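Reader: I'd like to learn how to read a few features of a model. Could you take me through them one at a time?

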Amino acid sequence: MKSTTNWGEVLSNASNLDAYMKFVGGQMSRRQMEQFFKNTPEAGTFRSLVRNGGAEHAREVAKKALKRRALI
């Protein structure tokens, strides 16, 4: 079963949005993102993105979500 990410919920917080923008821009690594989301509800969302396709795939998917919302 393929899981989906609720990007509206994930990007609704300004600090989460900033973190994803840094991740997409290459200013944050996968490990830094995991530390940023540690002990938050969004941690599982990010980990599942990485688990399903790796860090580069997670970066591409996040970039696509940000572009579709005209945030980058």
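Predicted model: local features only at pLDDT ≥ 70, side-chain atom pairs only at ≥ 80, totals over all residues.

Reader: Which residues does Leu 17 touch, not counting residues up to four places away in sequence?

Author: With that exclusion, Leu 17 touches Leu 11, Leu 66 and Leu 71; contact means heavy atoms within 4.5 Å. Take Leu 66: in sequence Leu 17 and Leu 66 are 49 residues apart, but from C-alpha to C-alpha they are 8.8 Å apart in space.

Reader: On to whole helices. How do H2 and H4 pack?

Author: The general idea is that two packed helices are described by the angle between their axes and the distance between the axes. Here helix H2 (residues 14-24) and helix H4 (residues 42-68) pack at an angle of about 65 degrees, and their axes are 9 Å apart. The axes are lines fitted to C-alpha atoms, for helices over the stretch in contact, with angles from 0 to 180 degrees between N-to-C directions. H2 and H4 are therefore roughly perpendicular to each other: that label covers 65 to 115 degrees, with under 35 roughly parallel, over 145 roughly antiparallel and the rest oblique.

Reader: What about Glu 42: buried or exposed?

Author: Glu 42, in helix H4, counts as buried at 18% relative accessibility. The cut-offs are under 20% relative accessible area for buried, over 50% for exposed and partly exposed in between, with a 1.4 Å probe and protein chains only. Leaving aside neighbours within four places in sequence, Glu 42 is in contact with Asn 16 and Phe 37.

Reader: And what is the relative accessibility of Arg 59?

Author: Arg 59, also in helix H4, is at 17% and counts as buried. Not counting residues up to four places away in sequence, Arg 59 touches Phe 23, Val 24, Gly 26 and Met 28. Lys 63 of helix H4 is partly exposed, with a relative accessible area of 39%. With its neighbours within four places set aside, Lys 63 is in contact with Val 24 and Ile 72.

Reader: Now the rings. How many aromatic pairs does the structure hold?

Author: The structure holds six aromatic pairs. Rings of Phe, Tyr and Trp (its six-membered ring) pair if their centres lie within 6.5 Å; planes under 30 degrees apart count as stacked, over 60 as edge-to-face and the rest as tilted. Phe 36 and Phe 37 form an edge-to-face pair, 5.0 Å centre to centre with 85 degrees between the planes. The rings of Phe 37 and Phe 46 have their centres 6.2 Å apart and their planes at 35 degrees, so that pair is tilted.

Reader: How accessible are Phe 36 and Phe 37?

Author: Phe 36 counts as partly exposed at 35% relative accessibility, whereas Phe 37 is buried, with a relative accessible area of 1%. Phe 46 is buried as well. Trp 7, Tyr 20, Phe 23, Phe 36, Phe 37 and Phe 46 form one aromatic cluster.

Reader: Last one, the backbone. What is phi for Asn 39?

Author: The general idea: most residues other than glycine have a negative phi. Asn 39 has a positive phi of about 60 degrees although it is not a glycine. Asn 39 sits in the loop between helix H3 (30-36) and H4 and is exposed, with a relative accessible area of 76%. Ala 70 also has a positive phi, near 55 degrees. Ala 70 lies in the segment after H4 and counts as exposed at 66% relative accessibility.

Key:
Residues numbered from 1 in each chain as written. Heavy atoms only, no water. Helix = DSSP H or I, 4+ residues; strand = E, 2+ residues; numbered from the N terminus.
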